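Please open the structure in your viewer and keep the selection panel at hand.

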Amino acid sequence: LAILNNGDNCRMVILQNGKGGKNGTTDTKKLVKDIDCSGIMSAQSKFYMMKFNEYLFFTKGDKLYRYNLRELENNVAPGNSNVFVELSKWGYSAEAKITCMSVSRTEREILLGVSRYGDDTEGMSEELKGDVLVLDLKTGELVKKYEGVAGVPVDVKIKYQKWLRDGKEGGNIVDMLYF
């Protein structure tokens, strides 16, 4: 899957390995699907494709979308029906934007960087307006919210993770995030 954007147009394309190289190597690509995504994805969108299922997460403005890649087979482009969460759900105004996202190794949680600066690209307000939200990746529910942690642009990445297997959590694997 590739998402191509030249500023005005956005396309989702699926390419498949093809034969044609020396000794049967797969050095050619065959176009399988090509879908117009203009209007729903932008050059500022951030993307994450799940490892073990068919979902693509992407951002645009104040929304996080979850798109089932199987819909590509039916030529269904992402749309408003694919909105997973909106920042307004947690009291954010229209000026708040998602600036980045990072997904935990276990794909249980997603971190969203949120900027409440609006048109203030220099971060000149009295307070820090960069927030971090930790969401449950299956339900979209808020796990933790860190307010006023950064300036513009908010950029957060998961630095490292540990899996605790000491039985303190009922024998379950606990995914600890450090960012």
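**Starting from one threonine**

Select threonine 59 to begin, a residue found in strand E5, which spans residues 55–60; helices (H or I, at least four residues) and strands (E, at least two) are DSSP runs, numbered from the N terminus. This is a predicted model, in which local features need pLDDT of at least 70 and side-chain atom pairs count only at pLDDT 80 or more, while totals for chains, interfaces and linings use all residues. Residues are numbered from 1 along each chain as its sequence is written, and side-chain values use heavy atoms, with hydrogens and water left out.

Is threonine 59 buried or exposed? Threonine 59 has a relative accessible area of 1% and is therefore buried, a word used here for residues under 20% relative accessible area, with exposed meaning over 50% and partly exposed in between (1.4 Å probe, protein chains only). Leaving aside neighbours within four places in sequence, threonine 59 is in contact (heavy atoms within 4.5 Å) with Gln44, Ser45, Lys46, Leu64, Ile98 and Met101.

**The nonpolar core**

Of its 19 residues, Phe57, Leu64, Ile110, Leu112, Leu133 and Leu135 touch the most other members. Strand E7 (83–86), E8, E9 and E10 are the elements that give two or more residues to this core. A second, separate core has twelve residues, among them Met12, Met41, Leu56 and Leu69.

**The open sheet**

Now select the four strands that form an open sheet in the order E8-E9-E10-E11, with antiparallel pairing; two strands pair if DSSP finds at least two bridges between them. At the edges lie strand E8 (97–103) and strand E11 (142–150), each of which pairs on one side only.

On E8, five of the seven residues are buried, so this strand is mostly covered. Six bridges join E8 to strand E9 (residues 109–115), running antiparallel, and one place to look is valine 103, whose bridge partner in E9 is isoleucine 110. Between these two strands, which form a hairpin, there are five residues, and glutamate 107 in the turn has a positive phi of about 60°.

Finish at strand E10 (residues 130–136), which pairs with E11 in the antiparallel sense over five bridges; there, leucine 133 has lysine 145 of E11 as its bridge partner.

Technical notes
Core = buried A, V, L, I, M, F, W, Y, C linked by side-chain atoms within 4.5 Å.
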